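I opened the notebook to look up a few things. Fold, confidence and ligand surroundings were on my list.

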Amino acid sequence: MAQASVIVVGNEKGGAGKSTIAIHTATALLHADTRVAVLDLDLRQQTTGHFFANRRAWLAANGATAPMPTEDRLGAGLDSFDPTLRAALGKSRAKVLYQLEKLRKKTEREALHRDALASEEARYLSALLYPHRHPQERFYSILPFLAQHGMDLVDRLYKVVQTDCPDHRVVTL
Ligand SMILES: Nc1ncnc2c1ncn2[C@@H]1O[C@H](COP(=O)(O)OP(=O)(O)OP(=O)(O)O)[C@@H](O)[C@H]1O
Ligand SMILES: [Mg+2]
């Protein structure tokens, strides 16, 4: 039996053409007479699912034939073999979709959680740089720093400062 190949199309950016590439790749492979199963994990948009549903509807409306992914062949094959298995296929499909939906919700929750953490860290850093919405050099007096780090603090800072660097720099005391 030929080894199955898994092709994953991914990109962090939305709307970059992932689904379009997946659809064209799957369709080209179908025309090359290979057996193709398409898993659309994007349950919200279901772009690939809609594409193949539209393709099926168009073929039916125009009395035409063209290769389709395995899902359809499975159903058709089961119908001729044992129609009761069609219901089992529907049940399995619903279970898989349920698990995928659960995974989607978990991923969404985790993404929101990470967003909240990132915002919290951004707020913390922003408050360090702009205490009470003022640039820190206009808000803090040098005295508490001298008291905390010693009277030679200015000399120590002077040594590590790079006068040709226009950006903020982090100095560890
Ligand atoms: N090569 C291309 N040239 C022009 N338009 C394209 C190209 N590839 C995709 N598009 C269009 O860009 C839009 C987004 O494409 P697609 O839905 O495939 O992106 P996606 O990465 O799957 O998006 P999402 O992250 O929302 O799932 C669609 O309208 C599609 O028709
Ligand atoms: Mg997509």
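For the entries below, I take a helix as a DSSP run of H or I at least four residues long, numbered from the N terminus. I note that this is a predicted model.

**Ligand.** Which part of the chain gives the largest share of the shell around ligand 1? I found helix α1 (residues 18–31), with 3 residues. I listed the surrounding residues: Gly14, Gly15, Ala16, Gly17, Lys18, Ser19, Thr20, Asp42, Gln45 and Thr47. I sorted this shell by class and got 1 nonpolar, 7 polar and 2 charged residues.

**Confidence.** I looked up pLDDT next. The chain has a mean of 85, and 95% of its residues reach 70 or more. Helix α1 has the highest confidence, at 91. Confidence is lowest in helix α3 (residues 70–81), with a mean of 69.

**Helix α2.** I checked the length of α2 (residues 47–61). Its 15 residues should span 21 Å at 1.5 Å a residue, and the end C-alpha atoms are 21 Å apart, so the two agree. Gly63 follows α2 and has a positive phi, near 55°.

**Overall fold.** I counted 7 helices and 0 strands in the chain. How spread out is the chain? Its radius of gyration is 30 Å, well over the 16 Å from the globule rule for 173 residues, so the chain is more spread out than a compact globule. The C-alpha trace spans about 90 × 35 × 35 Å along its principal axes. I also noted that 3% of the 173 residues count as buried.

**Domains.** I recorded domain 1 (1–69), domain 2 (82–139) and domain 3 (141–173). The C-alpha centres of domain 1 and domain 2 are 27 Å apart.

Methods: Residues are numbered from 1 along each chain as its sequence is written. Chains are lettered from A and ligands numbered from 1 in the order in which they are written. This is a predicted model: local features need pLDDT of at least 70, side-chain atom pairs count only at pLDDT 80 or more; totals for chains, interfaces and linings use all residues. A residue is near a molecule or strand if its C-beta atom, placed from the backbone, lies within 6 Å of it. Helices (H or I, at least four residues) and strands (E, at least two) are DSSP runs, numbered from the N terminus. Ala, Val, Leu, Ile, Met, Phe, Trp, Tyr, Cys and Pro count as nonpolar, Asp, Glu, Lys and Arg as charged, and the others, Gly among them, as polar. The expected span of a helix is 1.5 Å times one less than its number of residues. pLDDT is the predictor's confidence in each residue, from 0 to 100. Domain bounds come from an automatic or database domain assignment. The radius of gyration is taken over C-alpha atoms; the globule rule is 2.2 Å times the number of residues to the power 0.38. A residue is buried if 20 or more other C-beta atoms lie within 10 Å of its own, exposed if 12 or fewer, and partly exposed in between; C-beta atoms are placed from the backbone.
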